[in-house]
Amino acid sequence: FMCEQLRLVFETTQGRRYSPRLLAVASIWLTTSTAAYKAILREEILSLPSVSHINHLSKALTVELGYTQETEIYLQERAKNLSTYERTCMILIDEIYTDKRLEFQNGKLYGLDDGVPTKTLCGIMLSSVAGTYKDMISLSQVGNLNSSTMKKMFDTVLPSLTKIGFSIVGISVDNFSANRRFFEHELCNGNLAASIPHPLIPGEE
C-alpha cells in the first residue's frame with residue numbers, strides 16, 4: 001500500500017493508475033463513511049481515487065440477495081463439469097450477524113426485510129460430500145431469523161438443486177435456537193429424528 005502511495009505522489013491526478021487492491025480498499029472506505037473519505041481527499045493525506053471515479057466503477061457491479069435466477073444458471077453450468085459423486089452434496093446453513101443500518105447502492109436500498117431493519121445475513125452453501133466442490137449459493141438479509149423463514153429458503157433451493165442434478169443427502173447447521181426449531185418442527189414434524197424422507201424423491205432419505 002505504501003509503495004503504491006509513494007509512486008502516486010509523483011504522478012499527476014489525471015495520470016494516476018490505481019491498482020485493483022487500492023480501488024477495493026477505497027471503495028470499502030467510501031461505503032463505510034462518505035464524509036471521512038471526502039475529508040481524506042480534501043486534506044490530501046493519501047492519494048486516492050475520487051468519489052465520482054469509485055461510483056463510476058461500482059455501477060458495473062450488481063448486488064443480488066437470495067437464491068437468484070443467475071445463481072441457478074451458474075449452477076447448471078457448474079454441474080456439467082462435476083462427476084456423479086461430486087454432485088452428491090450437503091446443504092450448509094449459517095447466519096452472520098451485521099449492524100442494523102441501511103445502505104443505498106446503485107439505486108437500490110439494502111438493509112430492510114419487509115420494512116424491518118435487518119441484523120442477520122443467512123448464508124446457504126452447497127458442499128460435496130466426497131469431493132472438494134463448494135459453492136455459496138444464497139445470501140439473504142433477514143430481519144427476524146426463525147424456523148419458518150429458514151424453511152422458506154430451504155424450500156426454494158432444494159427443488160432447484162434437485163432439478164439441476166445435485167443429490168442432496170444432508171443438511172448441516174449450528175446449534176442456534178432457530179436452527180434447532182427448523183430441524184425439529186419444520187423437517188421432523190415435531191419429533192426430532194436422525195433422518196427424514198426426502199421431500200422430493202419418494203423412497204429416499
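**Close-up 1. Helix α1 packs against α2 through its buried residues.** This is a predicted model, and we start with the helix formed by residues 2–9, α1. Which residues of α1 are buried? Glu 4, Gln 5 and Leu 8 are. They sit on the same side of α1, because the arc they cover around the axis is only 100°.

**Close-up 2. Helix α2 meets helix α4 at an angle of about 100°.** Here α2 runs over residues 20–32 and α4 over residues 51–58, and their axes are 10 Å apart. With that angle, α2 counts as roughly perpendicular to α4, because 65 to 115 degrees is the range for that label. So who does the touching? On the α2 side, the contact is made by Leu 23, Ala 26, Ser 27 and Leu 30. From α4 come Val 51, His 53, Ile 54, Asn 55 and Leu 57. Sorted by class, that contact has six nonpolar residues, three polar ones and no charged ones.

**Close-up 3. Helix α4 has a buried side and an exposed face.** Val 51, Ile 54 and Ser 58 are the buried residues of α4. They cover an arc of only 65° around the axis, so they end up on the same side of α4. Ser 52 and His 56 are exposed, and they sit on the face of α4 turned away from that buried side.

**Close-up 4. The largest nonpolar core has 28 residues.** Nonpolar side chains tend to be buried together in soluble globular proteins. In this core, Ile 91, Leu 126, Leu 161 and Phe 166 have the most contacts. At least two residues each come from α5 (69–79), β1 (88–97), β6 (120–128), β7 (134–142), α6 (147–164), β8 (167–172) and α7 (177–187). Which element gives the largest share? That's α6, with seven residues.

**Close-up 5. Zooming in on Ile 91 and its contacts.** Skip the neighbours within four places in sequence, and Ile 91 is in contact with Ile 124, Met 125 and Leu 126, among others. The list also includes Phe 154, Val 157 and Leu 161, and then Ile 168, Gly 170, Ile 171 and Ser 172.

Notes. Residues are numbered from 1 along each chain as its sequence is written. This is a predicted model: local features need pLDDT of at least 70, side-chain atom pairs count only at pLDDT 80 or more; totals for chains, interfaces and linings use all residues. Side-chain values use heavy atoms; hydrogens and water are left out. Axes are lines fitted to C-alpha atoms, for helices over the stretch in contact, and angles run from 0 to 180 degrees between N-to-C directions. Helices (H or I, at least four residues) and strands (E, at least two) are DSSP runs, numbered from the N terminus. Angles under 35 degrees count as roughly parallel, over 145 as roughly antiparallel, 65 to 115 as roughly perpendicular and the rest as oblique. Contact means heavy atoms within 4.5 Å. Ala, Val, Leu, Ile, Met, Phe, Trp, Tyr, Cys and Pro count as nonpolar, Asp, Glu, Lys and Arg as charged, and the others, Gly among them, as polar. Buried means under 20% relative accessible area, exposed over 50%, partly exposed in between (1.4 Å probe, protein chains only). The arc is that of the directions from the helix axis to the C-beta atoms. A nonpolar core is a set of buried Ala, Val, Leu, Ile, Met, Phe, Trp, Tyr and Cys residues joined through side-chain atoms within 4.5 Å.
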